[in-house]
Amino acid sequence: MVRALGFATLAAALLAHAAPQDKDREKLRKALEYARKIDSALKGRKDASPPASDAEFLRRVHLDLVGTIPTLAETRAFLEDGSPTKRQDLIEKLLASEAHADLWARQWCFVLFGNYYEIRANVGGKNVSPRAIRRAFEEFRKWFRDHLAKDTPWSAIVAELVQATGKLSANPVLLYKTSFYYEGDASLNGADGMSKSLLGMRISCARCHDHPFDRWTQEDYYGLAAFLVRMKGMASSGGGMMMKPDNDNETVDVEFVEEPKGELTMPMTSKVLKPKFLFGGVAGSTEARLPALARFMVMRENSQLPRNVVNRTWSWLMGRGFVEPVDDFHMQNKPVFGSLLEDLTRGFTANGASIRFLLRAICNSEAYQRSCAGDATEPFATAAIRQLTGEQLFKSLVTACTGGDAPDWTAKAVRDAWGDFLNQVRPLYGADGEWTEVTPLPGNTRQALLLRNGGFVENLVKADWGLSGKVRAMSGSPGERISRIFLAVLVRPPTEPELARYAAFVNGQGGSREAYEDVIWTLVNSAEFVTRH
Amino acid sequence: MTCESCASPVDRRTFLKFMVGGAAGAAFGPQIAALAQETTARTRAKACILLWMAGGPSQLDTWDPKPGRKNGGEFRAIATSAKGMQISEHLPRLGEQARHFSIVRSLTTGEAAHERGAYLMHTGYAPIGGLPFAPVGTIASHELSRADFPLPTFVSMNAPVPLSPIFGERHLPFTVQDVNNPIPNLRPGVGTDRAGRRADLLRTQDEAFEVERRGKEIQRRHESAKKAQDLMTTPLLRAFDLSKEPDAVRKAYGDNFGQMCLLARRLVEVGVPFVEVGLGGWDTHDNNFEQVKNLSARLDAGFGSLMKDLVERDLLRDTLVLWAGEFGRTPEINAGNGRDHWTKCWSVVMAGAGIQGGRVIGETDKDGMEIRNRPVTVPDYFATIFKSLGIDPEKKYVLSGRKVKYAYNGKPIRELF
């Protein structure tokens, strides 16, 4: 059989069946090249913080990539591992996990929708049923999660978002467009929304006049909106869905079509605006406009699409973007380390518009792996300190107070506890806060009271089945028990002074159960626990 | 079409000035911000209670009745304790208090959508590209409070306040969800001695961590932790306890809205500078009259009792009371016996802290369709608020490198003082 095949064909056949590890290794190698570029661009600052310890890195990368601290078991394994590539291997492991795709999909959903528990829409005078929206959102986030898990090129995801038509019930991707149908004209809301979330630009000033400090004119604004003017969302009766509207003013489905006719006239004039993309690209006169818009969004010449992804991803990991605010790119808003931003943007595009490429490059850099201690005020010279998000706080509390292996996040008791916790966390943001479980908590007085005096934390701290019980049951000195508590809660061993202080405390209380509970309580309430650093 | 993105017509030059100031401002940022934070010295601090009417309350059916006219609708007008001022028949207790408050009937604005209108009426600015303009509560809290005051200095109840971190954590609204349990999680779940031991351990643990870590997140957490501790132990906490009020008083104030008004009075009594209380449901596109009648009964009990108490306790002198929503409602009644959104001419009410009572500012025509005299803009409304609180309306804060005035070129309504 082998003789019948040419050598080249055989080689091709072998490569096609190349082990997935080889492809991954190649991708990793490319990403590590860019990690070096990052470090090269950021080197030489005298006040840069020293490298983070293994413990600091471990906790941080877990919180960032999978939304929780590691378990006690994982912490011990990592700290004791002697492999020189352990950090890189950990990053790969986390990136491949379900938890990662799930978390980062929701982060992007927040970019697209804001508070995605409060998406509202009104089509043809009817409110879109909140139940229908909730169901569509569940499907939308799973669609996004699956793409992240497969590392689908970003351009493919954006193209789907922009050109989708049909019924919301059949295609949950349409939820994005549905969200434009609220308070105001949908094509204008769509122009605003797409610029903000996909391009990182606020152009709504240009609705009324040429943008005061950026290059966009009113014509540019309406030229963009013109791509959407033929898009029409209509109330529909819900195809295969078994939902019924609650009243006559409600619809359970929305159908999107692109009409063959319809033009956008600039307000206060009779000027008809042809669809023209912000970064070049005019739709042909007989071309369907939504696919044309998709084409221009993802074309090579539109570097703002990848630049926006790079900037946001960087800001999530490094504490601030190259450009801040991250949705406010404009001419006067100069980036810091602009040439690094351009390098990464080119790299992102050259490597399949892959989010995973970006995450590998950034997380493997020395810049990401700096300590948070230090006086540096310059950007990216020290690791960012942030309030934990609601999800990070909940999962970290439960993980810490379990004090062993991973909690079962799907267990009913845990899901119920999560629901309760969210209900207590919601009011912390105030009546008007734009928040979800993936936004940093406000870190305010009410939050401090919730953690110090609230029943949820108290019950976790005391739990017999958890860390408290395990510490009591284990054999060993007070020092060994305290070390276990530190590893479980703060993901690091105690320092000598800490060991002395807590041993003295515990011994002063006769090694009582309450004393150990108080140690756990103290650590989960500490600044070190409630922040990402 | 009016420019919905900007509060007032803005030309390129004005914005360029903004940006030039901004570019320089960015260099001097911390100094300018520090200047903006110097509170003006005063002998006696004032307070403000804002009653927020979500939905856009109908002016013709409350403060600017048109008896005998088709647009006047189903309600009659009653005389009040203020000469020449008539209001809706469904606000009798407020009618008795009328000589203590004043009505502006000629407010004119341009934001007819709920969220935008609410933003405008809270901050004085239309929402612009996500810039966090400071709502009046945050400014008042910043200007009027002492740094060491143990209670929250901006309390909000059932109101959608725009959040602005511009003056720091302390001046964001502290939300009260339930008047009967206003501050959840106040009591430790363990005995006092044990709580004390825990507090000591926590303080030491945090000190060590904070030594090497600067930055605003650590600062914020440090402040919240301290504030939580203060709140748990201050005797002023009794102000939050409504059970200390006699039953007769609680009954007079009425339902939950009224109880929140009562709580607001207690809070300003002990020195909280700004309290906002919301009463929603005013978006009466259909069945306007029945709904407004019900809302008016609740409003009359709560607001009426509040005015009475503030007068009797000699608090009105130093307490500014504001009543407003996001816009008014159409004079012409629609097919659903309702009224729709209306920004051209509508009413707000102001009282206390130097504002003379019993006055009517501005007039609408006999059908409520046009302003007959003395139009008042949102900047004027805000300039009036700040003047009465003893705050300079021209003062500026720095927002993304741009200097923003507390009240954008408004003029205080001199006829009110």
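Good morning. The structure is a predicted model, in which local features need pLDDT of at least 70, side-chain atom pairs count only at pLDDT 80 or more, and totals for chains, interfaces and linings use all residues. Residues are numbered from 1 along each chain as its sequence is written, chains are lettered from A and ligands numbered from 1 in the order in which they are written, and side-chain values use heavy atoms, with hydrogens and water left out.

I begin with the strands. Helices (H or I, at least four residues) and strands (E, at least two) are DSSP runs, numbered from the N terminus, and two strands pair if DSSP finds at least two bridges between them.

In chain A, there is an open sheet of 3 strands in the order E3-E6-E4, with antiparallel pairing. Its edge strands are E3 (166-167) and E4 (231-236) of chain A, each of which pairs on one side only. Strand E3(A) is joined by 2 bridges to strand E6 (residues 253-258) of chain A, and the two run antiparallel. Within that pairing, A:Lys167 stands opposite A:Glu255 in E6(A).

Chain B holds an open sheet of 8 strands, ordered E6-E5-E7-E1-E8-E11-E4-E12, and its pairing is mixed. Strands E6 (174-175) and E12 (360-361) of chain B stand at the edges with a single partner strand each, so one side of each is left without a neighbour in the sheet. The partner of E12(B) is strand E4 (residues 101-107) of chain B: 2 bridges join them, and they run parallel. Here B:Val104 stands opposite B:Ile361 in E12(B).

Also in chain B, strand E15 (residues 396-399) and strand E16 (residues 402-405) pair in the antiparallel sense over 4 bridges. In E16(B), B:Lys405 is the bridge partner of B:Lys396, and B:Val404 is that of B:Tyr397. The hairpin of E15(B) and E16(B) has 2 residues between the strands, and B:Ser400 takes a positive phi near 50° in that hairpin.

I turn now to helix packing in chain A. Axes are lines fitted to C-alpha atoms, for helices over the stretch in contact, and angles run from 0 to 180 degrees between N-to-C directions.

Helix H16 (residues 390-402) of chain A packs against helix H17 (residues 412-425) of chain A at an angle of about 135°, with the axes 11 Å apart. That angle makes H16(A) oblique to H17(A); angles under 35 degrees count as roughly parallel, over 145 as roughly antiparallel, 65 to 115 as roughly perpendicular and the rest as oblique. The crossing of H16(A) and H17(A) is right-handed, meaning that the near helix is turned clockwise from the far one by less than a right angle. Contact means heavy atoms within 4.5 Å, and the residues making it include A:Phe394 and A:Leu397 of H16(A) and A:Trp418 and A:Phe421 of H17(A). By class, the contact of H16(A) with H17(A) has 7 nonpolar, 1 polar and 1 charged residues. Ala, Val, Leu, Ile, Met, Phe, Trp, Tyr, Cys and Pro count as nonpolar, Asp, Glu, Lys and Arg as charged, and the others, Gly among them, as polar.

A second pair is formed by helix H6 (residues 98-113) of chain A and H13(A), whose axes come within 13 Å and cross at roughly 120°. H6(A) is therefore oblique to H13(A), and their crossing is right-handed. Among the contact residues are A:Trp104 and A:Trp108 of H6(A), and A:Arg312 and A:Trp316 of H13(A). The contact of H6(A) with H13(A) divides into 6 nonpolar, 2 polar and 1 charged residues.

Finally, I come to the backbone of the loops. Most residues other than glycine have a negative phi, and most peptide bonds are trans.

In the loop between helix H13 (304-318) and helix H14 (338-350) of chain A lies A:Pro325. A cis peptide bond joins A:Glu324 to A:Pro325, with omega about -10°. A:Phe337 is found in the loop between H13 and H14 of chain A, and its phi is positive, near 50°. With a relative accessible area of 26%, A:Phe337 is partly exposed; buried means under 20% relative accessible area, exposed over 50%, and partly exposed in between (1.4 Å probe, protein chains only).

A:Asp151 sits in the loop between helix H7 (130-150) and helix H8 (154-163) of chain A. Although not a glycine, A:Asp151 has a positive phi of about 55°. Is A:Asp151 buried or exposed? At 16% relative accessibility, A:Asp151 counts as buried. Thank you.
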